[in-house]
Amino acid sequence: MSKYAMDYVGIAMNIINGRPLTETLLEEVLAMLPKLDPEIGETELKRVRSKLESTIGIQVSVGGVVREDAHEPWLFDEKGKIDWQYWDSYKQLLVSQGWSPTVVRVLDEDTDNIITECGNPRLEEGWSIRGLVMGDVQSGKTASYSGVIAKAADAGYKVIVLLTGMIEDLRKQSQERLDFGFVGRDSRDVLGKNTNRQAIGAGAFRSKSANVLTSVDSDFLTANAQVLGGIPLKNINEPILFVIKKNISPLKNLNDWLTSQMKISGLSQHHVPLLVIDDEADNASVNVKKDNEDPAKINAGIRDLLKKFSHSSYVAYTATPFANIFINPDREDDLFPSNFIYSLNTPSNYIGASSIFLDDGKHHGQLHDIDDAEEIIPHAHKKDLVLDDIPESLKEAVRVFLISCAIRDIRQEELRHRSMLVNVSRFTDVQRRVSEKVGNFLWTLQEEIRQYLSSISWKKHPQLVLLQTVFLDEYSESGVTWEQIRTQLNESVASIKVVTINQKSAPEEKLDYSRYKNTEKGRRVIAIGGLTLSRGLTLEGLSVSYFYRNSKAYDTLLQMGRWFGYRPGYDDLFRIWMNIDAQNWYAHIANAVAELRTDFRRMSANRLPPSRFGIRVKAHPDTLIVTAQNKMRSGQEFEHSISFSASGVETAYVAKDQLNQQNVDWVKQFIKERGTATTQKNKYLWSGVKKQAIAQFLAGLNISNLNMQFLPDHETGERPLVKFIENNPYTTLDEWDICIPQGENDIVPNFLINTGTDVLGEVACRSRQFEKTPKSASYFKLNRQRVGDTSDEKVGMSISQLAAVENAWKDELAKDPEKRGKSIPGYMYRKIRSKPLLTIHFIKAVEPKVKPDTMMKAIDIGTDPIVAISLSFPDFDPESKGKSVVYRLNKVALRDLIGEEEEEGDDTD
């Protein structure tokens, strides 16, 4: 943004003067600016609008907590007595960086609430606190724990340990951020005993700095402690910060040094308050050993650290808390968050999974399919994979990245860094080969652009014509013209470099954005990697992502999603390439996580303790795959109980050929026995059907085992869900509603419904898209695993129940800005409905809605109607205390369900 535009923003903010930014107020302010300066143009006005919307127009709400009732809110008595130097300086730093006042205010409240749940550092009596803070991927957890660390230091915590991931690049990034946001000095100067320790970041807003015994260059070494000059911990005036990897060696170094300090003082424990922040807490910290075995070494090292202090608070931070919730809560010395779980909300400008992967998401149109990569980079490849070329879709993504860089420069965007992510392999050798191919392709494009794009003969060069085509297809409505692109492109892309980001990367391959912070163009990279790009590492200015991996575990998929986060000023430009299967899983995860967050808010309102939320998470049907991924590490067989209370089940994998024809005949027989149907809008409805009849019907259907909720017991072959429906003890589930919705496609032949009138009803098939499946498969797969419509959930509900759903949804929207503008999801209806519902769908395939130039075509599923079903359970067991569906699965069954687990070894990243 230009200097003049920044002046306009300042004028506009003075006019707004702290008032809530509404569309009406925004229009009034923008209309006033031309009166103050008649020469202001439309471009400047657009920039002012964007800046105001991305700062003061953001909406966010304070998070919620589930806690032990016994905990006292100590901070509110102490708050007026504390000198908040570290927090105030951090807050001033955020404001100076252009943070929205609303976001800073909510951060202040959230960090107050989290510190309140931790132990009071001024108490003489010892305490040991275990807590967890969950947010979304790339949503600002670093800002949260930086604020918690600052307030802990002000409140009296003396030793603060930040555990980062297992990768040195991530540790360095975290150290650099805390140097800037908390320490106030460059840690390299502190450990190097440099007397000219210039204040940086938050240090510029206060007169003191924290002690730090790790640096951007080094993890904790015993020699680092010499900076303290032999002063005992209890005599240190300012807090000591350690930023260490979750590796055995630095943890051991720290524990050994702390033990030596205790011996010198003749103590069995340190009597100073300790705060441990465990970032990426689901990675490496969780004990994967059995309860009767010695704990895993990282887990044991963290436990040992906590035991060394009489006053300790352990706060786990993660976007994927599933593994942490699965910790045995009865093991008091382990890391289960027994004292509190705090859920952060995301601001309205956060771009998350639902915004991208759900059909009604704001950014769903910026998602592109990968349908040409399997022959070149198969999912099941080995480290010696030979690459003759890269997929055309990847080349297209590179072209889009180049164009996006130019547009962002033309817009004079403040953020100069530009990044593209490529994640197609876990093997470092394959990553290197991909880098070579992408580098060659990029160099050719850069040369063509440099030599010919600005000349009148540019149309003679096919690669440049393709660039124009990309611009017209992707960015014709960006407010920029092709002629502007031609003029700007070379300057914008000449410095772009392909880098390979993994543990074997050379120093010059590191992202190291700080080295480029004062350069005109910043750091511009196409980053190719695997694990290193999947755990906490931030890609600054990320605008294009190319992702071709086959993991199905929630935590792994979400952590790989570096594209989630904030795209201020360029949220219309980012693009993601991904295959259909991965898109489906992300859409599934978005719904599952949203539902669990709703459960969290309800449990918070009802003041239920963390153990109850943990039980609910474990019992949730959509976490079966997460449990499976964890359990595969430690046993050949496991038993898993889940509750279907307030849950929905669909058969997205449907039978084909003779198996499907048997299903059609079975449905006709079943419905004939149900007698007269009523009609509700365009749906047939039967009420009061006994649960035994529902179970018998489901047992007679051909249902693919790929519908994981219908998995059979590996010993008996029976489906646990069907047995549960037949034998459960809940009166709420005794009688069911049955619905057959009408579609807009062909009529089901030889199938008439008794409606109690002289006219028998016909059934029209619903139209759905199907995905490509192997010819040998015994099933078809519905596109995006979508079977029913949300409107199906309303069937059989009363007017008062529907009104209750609408009111509950309004409450949800008030707490989660990202959901605004979306329709009411199915799980909201299930929490209110009073009876279970079986919906029987008749489906026919239609052409996928894709661009004309793609190769995707309608899947040939024949002319017969396809049968699928949906089950909707009411909230019959809100706290998941009662009888659950028990699955007994062995390793073979798990592998069939989720495929081979990707194991990390010497040849991996």
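**Terms and their grounds**

Reply: S872 is found in strand β27, residues 866-872; strands (E, at least two residues) and helices (H or I, at least four) are DSSP runs numbered from the N terminus. This is a predicted model, in which local features need pLDDT of at least 70, side-chain atom pairs count only at pLDDT 80 or more, and totals for chains, interfaces and linings use all residues. Residues are numbered from 1 along each chain as its sequence is written, and side-chain values use heavy atoms, with hydrogens and water left out.

Me: Why is S872 called buried?

Reply: Buried means under 20% relative accessible area, exposed over 50%, and partly exposed in between (1.4 Å probe, protein chains only). S872 has a relative accessibility of 3%, and therefore counts as buried.

Me: What makes the pair S872 and E793 a polar contact?

Reply: The term requires a pair of N or O atoms within 3.5 Å; within protein, one must be able to donate a hydrogen and the other to accept it, and residues adjacent in sequence count only if both atoms are side-chain atoms. The side chains of S872 and E793 make such a contact at 2.9 Å. Under the criterion for contact in general (heavy atoms within 4.5 Å), and leaving aside neighbours within four places in sequence, S872 also touches residues including R830, R833 and L837.

Me: How do you know that strand β13 pairs with β10?

Reply: Two strands pair if DSSP finds at least two bridges between them. Five bridges join β10 (residues 418-423) to β13, and the strands run parallel; N423 stands opposite F547 in β13. Four bridges join β13 to β14 (residues 575-578), also in parallel, with I576 of β14 as the bridge partner of S545. Strand β13 (residues 542-547) is mostly covered, six of its six residues being buried.

Me: What makes the buried residues of α22 lie on the same side?

Reply: The buried residues are N660, N663, V664, V667, K668, F670 and I671. They cover an arc of only 165° around the axis, which puts them on the same side of α22; the arc is that of the directions from the helix axis to the C-beta atoms. On the other side, Q658 and K672 are exposed.
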